[in-house]
Amino acid sequence: MADWIVSVVQSTPPWAVYLIVCGVVFGEAAALLGLVLPGETVLLAGAVAAAIGSANIAWLIVAASVAAVLGDWTGYLIGRRSGERITHSRFGGWIGEERWARAETLIRDGGVVTVVSARWIGYVRTVTPFVAGMSHMPTRQYLIANVVGGVLWVVVVCVVGYALGQTLGASLLLYFAVGAALVVVAYFGIRRLWRRRSAVEVGPPAE
């Protein structure tokens, strides 16, 4: 299996690796993709692919850093212009009021520190740009925090992934793929069970 993974990765053109990684990293906040597929997983997998394939780790870091900053900036602008409408929409309800509230509290209490540190906290990383925009966090302040947090996050994750790829090899990609698939299945499974439970607790409408 490891040999097959190596052959696939080595035959994959570098631009495809950059495109996939940057697309997910950008979409994590810009399209809330991170609630389903964490960008960290794809970024780590891309760094491992660079270690065993033809993609260049330096170019990957540069491209992913730009994607991370632009993705969060897009989320910030959307939150600033349409944040309230999004949180009260059906989509916002799907994300959950508790998640929005927690992110809003973190932004209000922490400001720049929250934006930088949010890069390392799962779903908080995904919704923080929207909440920062909704809270009208000063644009310059947010840009500085976004660039510092985004570049630092990409560099650390890529360096760790590249080192692990050189040390442990292609088997890591298999683990990442299985892990990502399990996360997606578990997320939708839990959401479905939660909705069924909520429907049972509410019960049928009164006649």
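Visitor: Which residues of helix H2 are buried?

Guide: Welcome! In this predicted model, the buried residues of H2 are Ala 16, Val 17, Tyr 18, Val 21, Cys 22, Val 24, Val 25, Gly 27, Glu 28, Ala 29 and Ala 30.

Visitor: How many residues does H2 have, and how far does it reach?

Guide: A helix can be checked by comparing its reach with an expected value. H2 has 17 residues and spans 24 Å from its first C-alpha to its last, close to the 24 Å expected at 1.5 Å a residue. Just after H2, the backbone at Leu 32 adopts a positive phi of about 55°.

Visitor: I would like to read the core next. Which residues have the most contacts inside the largest nonpolar core?

Guide: The general idea is that in soluble globular proteins, nonpolar side chains tend to be buried together. Here the largest nonpolar core has 22 residues, and Val 21, Leu 43, Val 154 and Cys 158 have the most contacts inside it. Two or more residues come from each of helix H2 (14-30), H3, H4 and H9.

Visitor: Which residues is Val 21 in contact with, leaving aside its neighbours within four places in sequence?

Guide: Val 21 is in contact with Val 42, Leu 43, Gly 46, Leu 60 and Ala 64.

Visitor: Where is Ala 45?

Guide: Ala 45 sits in helix H3 (residues 39-52). Its relative accessible area is 18%, and under 20% counts as buried, so Ala 45 is buried. Ala 45 and Cys 158 are 113 residues apart along the chain, while their C-alpha atoms are separated by 8.8 Å.

Visitor: Now for the rings. How many aromatic pairs are there?

Guide: To read a pair, look at the distance between ring centres and the angle between ring planes. The count comes to two aromatic pairs. One of them is Trp 73 with Tyr 76, a stacked pair with 5.2 Å centre to centre and 15° between the planes. Both residues lie in helix H4 (residues 57-87), three residues apart, about one turn of the helix.

Visitor: Is Tyr 76 buried or exposed?

Guide: Tyr 76 is buried, with a relative accessible area of 0%. Tyr 76 also pairs with Tyr 142: their ring centres are 4.4 Å apart and their planes are at 10°, so this pair is stacked. The pair links distant parts of the chain, with Tyr 76 in helix H4 and Tyr 142 in helix H9 (residues 139-168), 66 residues apart. Tyr 142 is buried, as is Tyr 76, whereas Trp 73 counts as partly exposed at 23% relative accessibility. Together, Trp 73, Tyr 76 and Tyr 142 form one aromatic cluster.

Visitor: Where does Arg 119 lie?

Guide: Arg 119 is in the loop between helix H7 (112-117) and helix H8 (122-134). At 4% relative accessibility, Arg 119 counts as buried. A polar atom of its side chain lies 3.3 Å from the backbone oxygen of Ala 68. Not counting residues up to four places away in sequence, Arg 119 touches several residues, among them Glu 40, Asp 72, Asn 146 and Trp 153.

Visitor: What is the mean pLDDT of the chain?

Guide: The mean pLDDT is 76, and 65% of the residues reach 70 or more. Over residues 1-6 the pLDDT is below 50, and that stretch has six contacts in the model beyond near neighbours in sequence. Residues 202-207 also have pLDDT below 50, with zero contacts of that kind.

Note on methods:
Residues are numbered from 1 along each chain as its sequence is written. This is a predicted model: local features need pLDDT of at least 70, side-chain atom pairs count only at pLDDT 80 or more; totals for chains, interfaces and linings use all residues. Side-chain values use heavy atoms; hydrogens and water are left out. Rings of Phe, Tyr and Trp (its six-membered ring) pair if their centres lie within 6.5 Å; planes under 30 degrees apart count as stacked, over 60 as edge-to-face and the rest as tilted. Helices (H or I, at least four residues) and strands (E, at least two) are DSSP runs, numbered from the N terminus. Buried means under 20% relative accessible area, exposed over 50%, partly exposed in between (1.4 Å probe, protein chains only). pLDDT is the predictor's confidence in each residue, from 0 to 100. Contact means heavy atoms within 4.5 Å. A nonpolar core is a set of buried Ala, Val, Leu, Ile, Met, Phe, Trp, Tyr and Cys residues joined through side-chain atoms within 4.5 Å. A polar contact is a pair of N or O atoms within 3.5 Å; within protein, one must be able to donate a hydrogen and the other to accept it, and residues adjacent in sequence count only if both atoms are side-chain atoms. The expected span of a helix is 1.5 Å times one less than its number of residues.
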